[in-house]
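The following note sets out numbered remarks for a reader who is meeting this structure for the first time. Please consult the sequence and the model alongside the points.

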Amino acid sequence: MLRLTDVQLPLDHTEDALVAAIVARLGIARGDLIAHTIFRRGYDARKKSAISLVYTLDVEVRDEARVLKSAKGDRQVSVAPDTDYKFVAQAPAELASRPVVVGFGPCGIFAALILAQMGFRPIILERGKVVRERTKDTWGLWRKRELNPESNVQFGEGGAGTFSDGKLWTQVKDPKFYGRKVLTEFVKADAPPEIMYVSKPHIGTFRLVKMVELMRAEIERLGGEFRFESKVDDIVLDDGCVAGLKLADGSELVTDHVVLAIGHSARDTFRMLHARGIYVEAKPFSMGFRIEHPQSLIDACRFGSSAGHPILGAADYKLVHHASNGRGVYSFCMCPGGTVVAATSEPGRVVTNGMSQYSRNERNANAGIVVGITPDDYPGHPLAGMEFQQQWEAKAFELGGGNYNAPGQLVGDFIANKPSTQFGTVQPSYKPGVTLGDLNPSLPSYAIDAIREALTAFDRQIKGFSMHDAVLTGIETRTSSPIRIKRDDRTLQSINTQGLYPAGEGAGYAGGIMSAAIDGIRVAEAVALSMLETGKRG
Ligand code: FAD
């Protein structure tokens with residue numbers, strides 16, 4: 001199989017044009033092309049009047065060696081790499097001990113799935129409820145202002161990404177093609193097949209809920225066991241090694257291999273781990289606001305007259321600005337055609353994030369506009385960043401009116417530094433509601449200054465970005481984990497606690513669904529190899 005990259009065709013080309021482009025590029029007769037599949041399809045929208053599709057293709061040809069020889073020196077023709085996933089281990093039938101996976105977000109899902117596929121029959125502990133029940137609780141905050149601290153946007157089956165845009169791309173290095181394994185398993189669980197090849201795949205909330213249920217069923221079929229509403233409260237240590245876990249209901253589970261995939265919002269668990277002496281260090285994260293514009297404005301700016309083309313879908317953007325006070329400001333988790341959501345997991349706090357459905361056809365585009373925060377901004381102990389987040393989330397709750405409304409301001413007023421009193425052409429989507437006013441007190445002044453400057457700068461890249469009526473909703477704090485639960489690069493175990501595998505976003509080793517899932521695979525492999533080794537010794 002040959003891989004052909006950078007094949008460009010107009011947006012509205014025919015299938016025949018694609019075949020013609022392949023044979024022309026390879027210099028072969030049509031009859032010598034046996035088959036072709038699309039490995040990746042992106043687009044080049046730099047020239048709005050002539051947006052093109054850009055393909056990477058896997059092609060089967062007659063006499064591959066000859067074609068390869070004649071393409072020698074052409075860097076866009078090569079042998080297609082083998083991207084199939086290979087298991088690193090298989091559990092022996094007599095293996096009595098079972099690994100435990102704490103948390104069933106993307107990282108825990110893939111750690112559990114891979115362990116189950118290798119025969120290790122993991123036990124999965126998840127503090128939240130099964131996804132259907134959890135969905136009701138999550139809507140309880142959005143519709144009725146009722147927060148369940150154990151079942152919400154952050155906690156429960158499926159993890160933090162369940163009510164999301166379901167963006168699946170990542171910039172992490174992936175030399176072993178684990179990302180393909182993730183996409184393959186998602187498609188098996190009923191994700192849209194196109195995620196295998198579109199350059200920026202996304203799934204959307206409703207479909208994610210169903211996929212999570214199917215993946216749970218598959219893990220159970222392979223011998224995995226689930227315990228929902230089972231919060232890990234404490235860890236049992238024996239001479240620097242994990243010996244077991246204590247659950248909130250008072251029960252104890254004996255185990256010597258624990259994948260800790262708890263996400264970035266498990267602040268009580270972070271405290272427990274720190275108190276037990278597990279090595280934890282502060283790490284940078286970002287804070288800011290969500291911004292909402294009409295999606296049509298973003299579409300027109302990015303796609304010109306091709307806006308609305310079904311292949312292009314709703315347009316996204318990615319923006320970065322280096323502010324004069326030295327702070328970096330960037331767009332985060334952009335959700336085309338989506339809604340801003342209440343994403344707190346703690347009472348008395350307000351946190352924003354964004355989600356969408358697969359169709360991405362809501363009226364507004366939203367994205368976080370966030371500022372880099374480093375441990376120098378909150379000096380102190382390793383959990384000081386987490387407390388810093390909490391302090392600002394509580395302030396946002398207060399500014400919103402103390403009823404889970406989020407504080408908001410129109411972009412024009414924010415730039416002019418005057419409070420907002422009424423919405424204009426952009427209606428905010430955040431539920432339960434937005435309380436207009438002055439966002440100045442909602443973030444540290446250096447962050448406010450940097451965002452104010454960035455909004456004007458972003459307008460030079462997307463005309464209308466700083467339009468008066470665009471809405472800012474505060475505050476975005478859970479952009480990534482404020483800590484790293486440091487692990488050994490080779491064994492992937494905590495640097496001071498054997499048998500503990502900190503993983504995914506909460507441990508500081510991922511940012512987003514895809515990278516968390518990939519980390520879950522890596523850690524599952526490390527656990528499996530260690531369990532086989534322990535089995536041999538024991
Ligand atoms: P999580 O998904 O946070 O999962 C951790 C799990 O551990 C949770 O289910 C939690 O209940 C459980 N847990 C925590 N503590 C305990 C304990 N003590 N005992 C038992 N269980 C515990 N990323 C993208 O890539 N694309 C997007 O479009 C996107 N949109 C998002 C939208 C929203 C609204 C949110 C909140 C996040 C979004 N993200 C998105 C980020 C993404 O969801 C996270 O990066 C990802 O879920 C991290 O995966 P994880 O498995 O490491 O942790």
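1. An open sheet with antiparallel pairing is built from 4 strands in the order β2-β3-β1-β4. Its edge strands, each pairing on one side only, are β2 (33-44) and β4 (77-79). Neighbouring strands of this sheet are turned by 30° against each other on average, direction ignored. Strands here are DSSP runs of E of at least two residues, and helices are runs of H or I of at least four, both numbered from the N terminus; two strands pair if DSSP finds at least two bridges between them. The model is a predicted one, in which local features need pLDDT of at least 70, side-chain atom pairs count only at pLDDT 80 or more, and totals for chains, interfaces and linings use all residues. Residues are numbered from 1 along each chain as its sequence is written.

2. Within this sheet, strands β1 (residues 2-10) and β3 (residues 52-61) run antiparallel and are joined by 7 bridges. Leu-9 stands opposite Leu-53 in β3. Helix α1 (residues 15-26) lies across β1, β2, β3 and β4, at about 125° to β1. Axes are lines fitted to C-alpha atoms, for helices over the stretch in contact, with angles from 0 to 180 degrees between N-to-C directions; contact requires C-beta atoms, placed from the backbone, to lie within 7 Å.

3. A further open sheet has 5 strands, ordered β7-β6-β5-β11-β23, with parallel pairing. Strands β7 (225-227) and β23 (500-502) form its edges, each pairing on one side only.

4. Strands β5 (residues 100-102) and β6 (residues 123-125) pair in the parallel sense over 3 bridges, and Val-100 stands opposite Ile-123 in β6. Helix α3 (residues 106-117) packs on the sheet and touches β5, β6 and β11 (258-260). The direction of α3 makes about 165° with that of β5.

5. The unreviewed UniProt entry lists residues 284-479 as "domain: FAD-dependent protein C-terminal"; such annotations may be inferred rather than shown by experiment. Over residues 284-479 the chain is 24% helix and 27% strand, and the end C-alpha atoms are 10 Å apart.

6. The protein chain as a whole has 12 helices and 23 strands. Its radius of gyration is 24 Å, close to the 24 Å given by the globule rule for 538 residues, so the chain is as compact as a globular protein of that length. The radius is taken over C-alpha atoms, and the rule is 2.2 Å times the number of residues to the power 0.38.

Technical notes
Contact = placed C-beta atoms within 7 Å.
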